Structure formats: C-alpha cells, structure tokens
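Open your viewer and get ready to select a few residues at a time. This short tour tells you what to click next and what you will find there.

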Amino acid sequence: RVAPPLKGRIEFDRVTFGYDRDVHVLKDVSLLIEPGQVVAIVGPSGMGKTTIASLVRRFFDPVAGAVKIDDTDIRQFTLKSLRDQMSFVLQDSLLFGGTVWENISYGRPDADPEDTIRAAELANAHEFIMKLPQGYGTILGERGSTLSGGQRRRIAIARAMVRNTPILILDEPTTGLDAQSELVVVEALERLMKGRTSLMIAHHFETIRRADVIFVVKDSTIIERGTHDSLLAAGGTYRDLYELQAGGKTGRVD
C-alpha cells in the first residue's frame with residue numbers, strides 16, 4: 001500500500017540480518033528513534049552501521065524481526081512511497097552531468113525557483129554557485145567532478161533541503177573533507193536536520209557529538225546507547241573510540 005505522510009518514528013524490533021543467511025551482520029537489534037530526533041550510529045568498521053541505514057531504506061529486508069516506521073512494518077509500503085519520504089546525503093554524493101539547477105531539483109523537479117535558491121542558501125552553496133561560469137546553469141562534470149568534495153556535499157544537502165522529507169539518512173556526510181570544508185558542511189547539516197528524523201552513520205566525533213542519541217554497534221548488536229557526554233562518562237567502548245581518535249588525531253572512528 002502507499003505510505004501515508006510519515007511522522008518519522010523509526011523502530012527496529014528484534015532485527016536480525018545477514019547478506020549470507022548463515023552469517024549475521026545484525027543480531028536481535030532493537031532501537032527506537034522518535035520523530036525529529038537526530039541519531040548517530042557509531043562503532044568499529046564492519047560492524048553493521050551502514051546495514052542499519054540500508055534496512056531503513058529497504059535495500060534489504062530482515063531475516064527476522066521488523067523495521068517499522070510510525071508503528072507499521074515498512075514491508076507493507078510500496079518502495080516508491082516509502083523512499084519518496086526520505087532524503088539522503090552520502091559520502092559519495094550522487095551528482096550527474098547536468099546543470100547545478102538540475103542536480104539540486106532532482107527528485108522534486110516541480111520545485112519553485114525560489115525554493116531551489118533558498119535551499120542552496122541554507123546549504124551554504126549559493127555563494128560558490130554564483131561564482132561558477134554560468135551560475136546555476138553551469139554544467140557539472142559526471143559525478144560532479146568539476147566541484148570540490150565540500151561543494152559536492154553542499155549540493156547534495158541543498159537537494160535534500162528541496163525534497164523536504166520527514167526522514168533524513170546521512171552516511172559519512174563529512175568524510176574526506178578538510179577542516180574548513182567540514183565546518184561549512186556541518187553548519188549546513190545542522191540546518192537540514194532541524195525538525196527531521198535524522199539517522200546518521202558517522203566516524204567524526206565533531207559530527208557525532210551533536211546527536212540527541214548515539215547507538216554504539218559492535219559484534220553485530222547495539223552495546224551502548226546515550227548522549228555523547230553520558231557515554232563518555234560510562235567509560236565503555238564509545239569512550240575507547242573517542243580517546244583513540246583524540247590520541248591519534250585521525251578524525252575517524254575505525
């Protein structure tokens with residue numbers, strides 16, 4: 001059936017999943033994200049963080065348990081009606097060889113010009129766009145190759161702003177950026193996440209610490225949950241990861 005307008009309450013109800021049915025990436029995972037919350041999923045590499053985001057988008061279905069949005073198993077919704085209410089900002093921003101305008105309005109081609117420009121302004125993109133040879137009419141190289149990493153990320157944020165969906169999924173949104181670009185992107189992300197249910201997969205603690213709730217994934221399950229400060233005080237895996245990053249100055253949780 002077609003999904004109704006979603007509020008964005010996301011629940012994992014004892015979810016188990018494996019790409020190979022005999023090897024489980026997630027085991028009996030339960031979590032709850034309330035509408036409008038910003039949630040970060042952290043943990044060592046290869047422990048199932050991105051899989052959680054993929055299950056919300058229904059790239060895969062659980063082998064046991066259920067992923068629910070607004071108390072309904074998302075398998076009951078048509079894929080299009082589910083994904084039409086989600087926006088994404090990914091490490092590898094999916095830009096194509098069209099104009100800046102087309103890349104921002106992709107997914108909502110009926111957007112008013114004012115909405116598109118306003119989205120670019122909120123994404124800290126309008127200023128650099130206006131300096132391009134033809135402004136919003138500038139043709140981008142395939143995959144946005146003519147832009148810097150930070151610029152590509154801000155175009156992706158502007159696109160999500162235009163879509164204006166209740167659910168937002170961020171997968172490594174600041175990875176690979178220099179310090180200055182990261183600050184500008186984080187500022188734009190904070191505007192984008194306001195009022196939206198935001199599920200963030202991240203390695204950078206400068207981004208993670210802004211979350212309302214942090215879930216720590218290890219050995220295929222959630223082992224800790226709380227705020228940045230409460231998890232540091234608890235002295236568990238989260239604190240170990242934080243101290244490893246601070247000591248190594250890597251900027252990543254690996």
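**Stop 1: the second largest pocket**

Select Arg-108, Asp-115, Arg-118, Ala-119, Leu-122, Met-161, Val-162, Asn-164, Arg-191 and Arg-196, which line the second largest pocket. The largest share, four residues, comes from α4. Colour the lining by class and you get four nonpolar, one polar and five charged residues. Here Ala, Val, Leu, Ile, Met, Phe, Trp, Tyr, Cys and Pro count as nonpolar, Asp, Glu, Lys and Arg as charged, and the others, Gly among them, as polar. The volume of this pocket is about 160 Å³.

A pocket is found on a 1 Å grid over the protein atoms alone: it is an open set of points where a 1.4 Å probe fits, with protein on both sides within 12 Å along at least five of seven lines, and lining residues have an atom within 4 Å of a point. Its volume is the space filled by probe spheres set on the points, which are joined across faces, edges and corners. Helices (H or I, at least four residues) and strands (E, at least two) are DSSP runs, numbered from the N terminus.

Keep in mind that this is a predicted model, in which local features need pLDDT of at least 70 and side-chain atom pairs count only at pLDDT 80 or more, while totals for chains, interfaces and linings use all residues. Residues are numbered from 1 along each chain as its sequence is written, and side-chain values use heavy atoms, leaving out hydrogens and water.

**Stop 2: the largest pocket**

Now select Phe-88, Leu-94, Tyr-106, Arg-159 and Arg-163, the closest to the centre of the largest pocket among its 18 lining residues. About 430 Å³ of space lies in this pocket. At least two lining residues each come from α2 (79–83), β6 (86–90) and α6 (149–163).

**Stop 3: two helices side by side**

How do α6 and α7 run relative to each other? They are roughly parallel (an angle under 35 degrees), since their axes cross at roughly 5° and come within 10 Å. To see the contact (heavy atoms within 4.5 Å), select residues including Ile-157 and Met-161 of α6 with Val-184 and Leu-189 of α7.

**Stop 4: Ser-54**

Finally, select Ser-54 in helix α1 (residues 49–56). Ser-54 is buried (under 20% relative accessible area), with a value of 7%.

Definitions and conventions
Buried < 20%, exposed > 50% of the residue type's maximum accessible area, 1.4 Å probe, protein only. Axes fitted to C-alpha atoms, helices over the stretch in contact; angles between N-to-C directions. Parallel < 35°, antiparallel > 145°, perpendicular 65-115°, else oblique.
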